[in-house]
Amino acid sequence: MIKFTITPRAAERIEQKMGRQDLMLKLKYKTEGCGCVLSGVPTLELIEKRALDQDEIQVETNIMPIIMEESKIIFFDDQLKIDFSNDSQSFRLVSPSQILNGRMSCNVISN
């Protein structure tokens, strides 16, 4: 199972984006426009609270739960950290062995 850590700086930014809306955090592995499923890009989305879809799982972190697509877990390392870079004003998804996305967005997705 994946072990997530969200840094306090990243949590603060995520909570600012959530505002007073009742949202949940999702780590999405986007493959649209990448040409191949192996060339996907991880991004963060803030989505309306709802029941999980059939292919989604909820993973606990040190700060807040995060939703992932179970079929895409294979593309992630076992230990992940979400941080926020003040220099680039973007989120970073890293593992002990690599940077999965050094300039990750976090968008509010409304239905």
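An open sheet is built from five strands in the order E4-E5-E2-E3-E9, with mixed pairing. Its edge strands are E4 (56-59) and E9 (106-109), each of which pairs on one side only. The model is a predicted one. Helix H1 (residues 8-18) packs on this sheet.

**The sheet**

- On average, neighbouring strands of the sheet are turned by 30° against each other, direction ignored.
- Strands of a sheet pair through backbone hydrogen bonds, in either a parallel or an antiparallel arrangement.

- H1 touches strand E2 (23-30), strand E3 (41-48) and E9.
- The direction of H1 makes about 110° with that of E2.

**The two faces of H1**

- Ala10, Ala11, Ile14 and Met18 are the buried residues of H1.
- These residues lie on the same side of H1, because they cover an arc of only 100° around the axis.
- An α-helix has 3.6 residues a turn, so residues three or four places apart point the same way.
- The cover over the buried residues of H1 includes strand E1 (3-6), E2, E3, strand E6 (79-85) and strand E7 (90-94).
- Pro8 and Gln16 are exposed and are carried on the face of H1 turned away from its buried side.

Definitions and conventions:
Residues are numbered from 1 along each chain as its sequence is written. This is a predicted model: local features need pLDDT of at least 70, side-chain atom pairs count only at pLDDT 80 or more; totals for chains, interfaces and linings use all residues. Side-chain values use heavy atoms; hydrogens and water are left out. Two strands pair if DSSP finds at least two bridges between them. Helices (H or I, at least four residues) and strands (E, at least two) are DSSP runs, numbered from the N terminus. Axes are lines fitted to C-alpha atoms, for helices over the stretch in contact, and angles run from 0 to 180 degrees between N-to-C directions. Contact means heavy atoms within 4.5 Å. Buried means under 20% relative accessible area, exposed over 50%, partly exposed in between (1.4 Å probe, protein chains only). The arc is that of the directions from the helix axis to the C-beta atoms.
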